[in-house]
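Student: I'm new to this one. Please walk me through it and tell me what the terms rest on.

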Amino acid sequence: MGKEIERAGFPVVVMCNLIDVAKTVGSNRMVQTVSVPYPLGDPDMSPEDDWALRKHRVEVALNSLATEVDEPTVFPTKI
Amino acid sequence: MTKKAIHYINQFFGQVGGEEAADSKPIFHSELVGCSNMLNQMMPDVEVTHTIVCGDNYVTNHTDVALEEILGWLEKQEFDLFFAGPAFMAGRYGVGCGLVCKAVKERFDVPVITSMNEENPGVEQFKTEAYVFQGGRKATFMKDDMEKMAAFAQKIVKGEDLKPAAEEGYFPRGVRFEIPHPEGTMAADRVIDMLVKKLNGEKFLSELVIPKMDKIPPAPAVKDLSKMKIALVSSSGVVPVENPDRIQSASATKWGKYDISKLDKLPQGVFKTIHAGFDPAAMCAVPDRGIPVDAMRFWEKEGKFGKLHDYFYVTVGTGTTQAYAAKFGREIAADLKEAGVDAVVLTST
């Protein structure tokens, strides 16, 4: 799905847990998420930490859209 | 009871003329023309009632008008099946057959059957839209190619079990059906057999063939993030709680588009995930964990990027075939283009 959107000319950042799958299907900008059932958050964290994590990973994703890449690239996250 | 079929062919096989007649408009014959007669004779339980003849250039260059004429005429007919071609290696003919088959399938939801050579560009474009049988390179294969189409139509009307694409002889449509193993061999036994073959360097056939990937180069980065309109797209299955578009929980065949222009987050109880591929509790509790509207709003207000697109787009990723996923991607991309979106954040599970 992301590939067809990118083929149409949009830069796409894929946020997912299984980075290898994203690479196999041809994603070019990737940010890893926490898990499959809760990609951007963690029910074991406090609501504040859950929010901080989501905010941070979305920021990394946004930055990736403004970054030129010439091959499939995983953008690292801190939280 | 005999079923009825209508057959589409081009100007050449429809005896209008060659290249000079390729601009000819659709002609509707109630007396069968040319190869339609042969097709008709091949099927004891199907009667071909009409032949539609249309120029290849006309249908490929004036597609909307041509399809409107053809569909408009078909509205007044009774038919249970639709045939087009065979188109062999003739590119425009193949694309024409594909265009007509796709439109007929969408409007009337009847089985649509055509045939093309693997090199015909119509195959790649339409193999997921119709039964495109693997045909010969040129018209000397007319009889062989039609026999395949006819035999398959006979199976459909008699309600016989349809086999996978490779066995029936058409190009895989990217559709999966579950069937019990014919010999009753358990999955565990089958997978061990495959593993042993793999270890021995022998050939084996996967039951879940992953189509080959084509790579696309990365799109250029956006120049000034603070001016950009960004859309959220997701395969997480987060939808309004009533799931208004009835998106399937697995093996989705559709996507939805939902208004978030007045929302700063996706509230629990208003949105939920219908994804059947994982425990939905954590995402239902905080739907933003699947589609981060709250974090996007935050960064939008911070001025990090220009504007969050007023809608998010979503489907369910589990069991969904690549053919459907690609189709969703193309459809969503067209919508994004119209909305003036610059870039996409796609969350998947």
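**Domains, sheets and a pocket**

Tutor: Let's start with chain B: the centres of its domain 1 and domain 2, taken over C-alpha atoms, are 38 Å apart. Keep in mind that this is a predicted model, where local features need pLDDT of at least 70, side-chain atom pairs count only at pLDDT 80 or more, and totals for chains, interfaces and linings use all residues. Residues are numbered from 1 along each chain as its sequence is written, chains are lettered from A and ligands numbered from 1 in the order in which they are written, and side-chain values use heavy atoms, with hydrogens and water left out.

Student: What makes these two stretches of chain B domains?

Tutor: The bounds come from an automatic or database domain assignment. For chain B that gives 3–168 as domain 1 and 225–347 as domain 2.

Student: How do you know that strand 1 and strand 3 of chain B pair?

Tutor: Two strands pair if DSSP finds at least two bridges between them. Strand 1 (residues 3–10) and strand 3 (residues 46–54) of chain B run parallel and share eight bridges, so they pass. Strands themselves are DSSP runs of E, at least two residues, and helices are runs of H or I, at least four, all numbered from the N terminus.

Student: Which sheet do those strands belong to?

Tutor: An open sheet of six strands in chain B, ordered 2-3-1-4-5-6 with mixed pairing. Strand 2 (27–29) and strand 6 (131–134) of chain B are its edges, each pairing on one side only.

Student: What is the other sheet made of?

Tutor: Both chains contribute: it's an open sheet of seven strands, 3(A)-2(A)-1(A)-12(B)-7(B)-11(B)-9(B), with mixed pairing. Strand 3 (73–75) of chain A and strand 9 (256–259) of chain B have a single partner strand each, so one side of each lacks a neighbour in the sheet, which is why they are edges. The twist averages 25° from one strand to the next.

Student: Why is helix 3 of chain A said to pack on that sheet?

Tutor: Contact means heavy atoms within 4.5 Å. Helix 3 (residues 47–65) of chain A touches strands 1, 2 and 3 of chain A plus strands 7 and 12 of chain B, so it packs on the sheet. Its direction makes about 155° with that of strand 1 of chain A; axes are lines fitted to C-alpha atoms, for helices over the stretch in contact, and angles between N-to-C directions run from 0 to 180 degrees.

Student: What lines the second largest pocket?

Tutor: 17 residues, with Lys105(B), Thr128(B), Glu129(B), Arg173(B) and Tyr324(B) nearest its centre. Helix 4 (91–108) and helix 11 of chain B each give two or more residues. Domain 1 and domain 2 of chain B each supply at least three.

Student: Why do seven of the lining residues count as charged?

Tutor: Asp, Glu, Lys and Arg count as charged, Ala, Val, Leu, Ile, Met, Phe, Trp, Tyr, Cys and Pro as nonpolar, and the others, Gly among them, as polar. The lining sorts into eight nonpolar, two polar and seven charged residues.

Key:
On a 1 Å grid over the protein atoms alone, a cavity is a set of points where a 1.4 Å probe fits but cannot get out, and a pocket is an open set with protein on both sides within 12 Å along at least five of seven lines; lining residues have an atom within 4 Å of a point.
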